[in-house]
Amino acid sequence: MLAGAGGISSAAAEARVGQVYAEYDNRRRAVQAEEARQQEEQDLAELLEIERRDRHGGESLDHDASAG
């Protein structure tokens, strides 16, 4: 028992566990939001590149690949 060993009460331990889980969940959500933001940024860059290519007559970005 935690309280008997000079530790915290069971109720306090449960509250701390709940707090740790909430902190973990908040960090996980922040990481997921950042990953989604980065993916959206990458997708936008790809779409802009496709649009740029389309405006330039569909030229391949990799000129060596079209030479083969």
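Which residue forms a salt bridge with Arg 37? The partner of Arg 37 is Glu 41, and the closest N and O atoms of this salt bridge are 2.9 Å apart.

## Basis of the model

This is a predicted model, in which local features need pLDDT of at least 70 and side-chain atom pairs count only at pLDDT 80 or more, whereas totals for chains, interfaces and linings use all residues. Residues are numbered from 1 along each chain as its sequence is written, and side-chain values use heavy atoms, with hydrogens and water left out.

## Helices

The chain has 2 helices and 0 strands, where helices (H or I, at least four residues) and strands (E, at least two) are DSSP runs numbered from the N terminus. Helix 1 covers residues 10-55, and its 46 residues should span 68 Å at 1.5 Å a residue, which agrees with the 67 Å between its end C-alpha atoms; the expected span is 1.5 Å times one less than the number of residues. After helix 1 comes Gly 57, whose phi is positive, near 75°.

## Exposure of the chain

Of the 68 residues of the chain, 1% count as buried, a class that means under 20% relative accessible area, with exposed meaning over 50% and partly exposed lying in between (1.4 Å probe, protein chains only). The chain exposes about 5,900 Å², of which carbon and sulfur atoms supply 54%; these accessible areas come from the Shrake-Rupley method with a 1.4 Å probe.

## Salt bridges

A salt bridge is taken as a side-chain nitrogen of Lys or Arg within 4 Å of a carboxyl oxygen of Asp or Glu, and by this rule the count comes to 7. Arg 37 and Glu 41 both lie in helix 1, 4 residues apart, about one turn of the helix, and Arg 37 is partly exposed, with a relative accessible area of 41%. Elsewhere, salt bridges that share partners join Asp 25, Arg 28 and Arg 29 into one network.

An α-helix has 3.6 residues a turn, so residues three or four places apart point the same way. Arg 28 is partly exposed at 31% relative accessible area, and Asp 25 is also partly exposed, at 21%. A further salt bridge links the side chains of Glu 23 and Arg 16 at 4.0 Å, N to O; Glu 23 is partly exposed with a relative accessible area of 32%, while Arg 16 counts as partly exposed at 40%.
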